[in-house]
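Hi,

Here is the structure I promised to pass on.

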Amino acid sequence: MRTDLGFSKGRLIAQGAHAAIKIFTDRMDHTPDGLLISPRLYGVHWEAVQYWLTKSFTKLVFRTDSRQGLLDICRRAEMIFLPHALMEETQGFVEPEPTAVALCPCEEDTYSPVIQGYRLL
């Protein structure tokens with residue numbers, strides 16, 4: 001999450017929550033029975049996603065003080081094919097501004113290189 005935008009704690013938390021939901025809503029299939037989370041869109045991470053959805057809900061929140069830092073996390077996730085969701089805020093900005101990114105639930109050895117160098121918020 002970006003800490004350089006001067007957001008209140010509430011607005012910062014909301015951005016993180018939006019990204020955490022977006023990681024799933026971006027990967028849902030429309031079926032006759034409604035929306036379903038699609039295992040095929042999570043690949044090798046599907047088992048971790050199932051565990052997270054049914055037992056865990058653990059979240060780690062890391063900070064960056066720049067747009068570039070957030071985009072770097074996205075780039076690192078893309079390099080290892082780790083699903084992620086970038087949240088952008090439009091209220092108060094001329095163009096959408098990246099504010100938070102959520103990573104797909106996965107094992108620590110998978111996400112560690114993505115967040116290496118960033119500190120817990």
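Below is what I found, going from the whole chain to one residue.

First, the ground rules. This is a predicted model, where local features need pLDDT of at least 70 and side-chain atom pairs count only at pLDDT 80 or more, while totals for chains, interfaces and linings use all residues. Residues are numbered from 1 along each chain as its sequence is written, and side-chain values use heavy atoms, with hydrogens and water left out.

The protein chain has four helices and six strands, in the order α-β-β-α-β-α-β-β-α-β. (Helices are DSSP runs of H or I with at least four residues, strands are runs of E with at least two, and both are numbered from the N terminus.) The radius of gyration is 15 Å, close to the 14 Å that the globule rule gives for 121 residues, so the chain is as compact as a globular protein of that length. That radius is taken over C-alpha atoms, and the rule is 2.2 Å times the number of residues to the power 0.38.

Of the 121 residues, 36% count as buried, meaning under 20% relative accessible area with a 1.4 Å probe, protein chains only.

Now take a look at Val49, in helix α2 (residues 46-56). Val49 is buried, with a relative accessible area of 0%. Leaving aside residues up to four places away in sequence, Val49 touches Phe24, Tyr42, Cys104 and Pro105; contact means heavy atoms within 4.5 Å. Pro105 is 56 residues away along the chain, yet the C-alpha atoms of Val49 and Pro105 are separated by 5.3 Å.

Cheers!

Methods:
Buried < 20%, exposed > 50% of the residue type's maximum accessible area, 1.4 Å probe, protein only.
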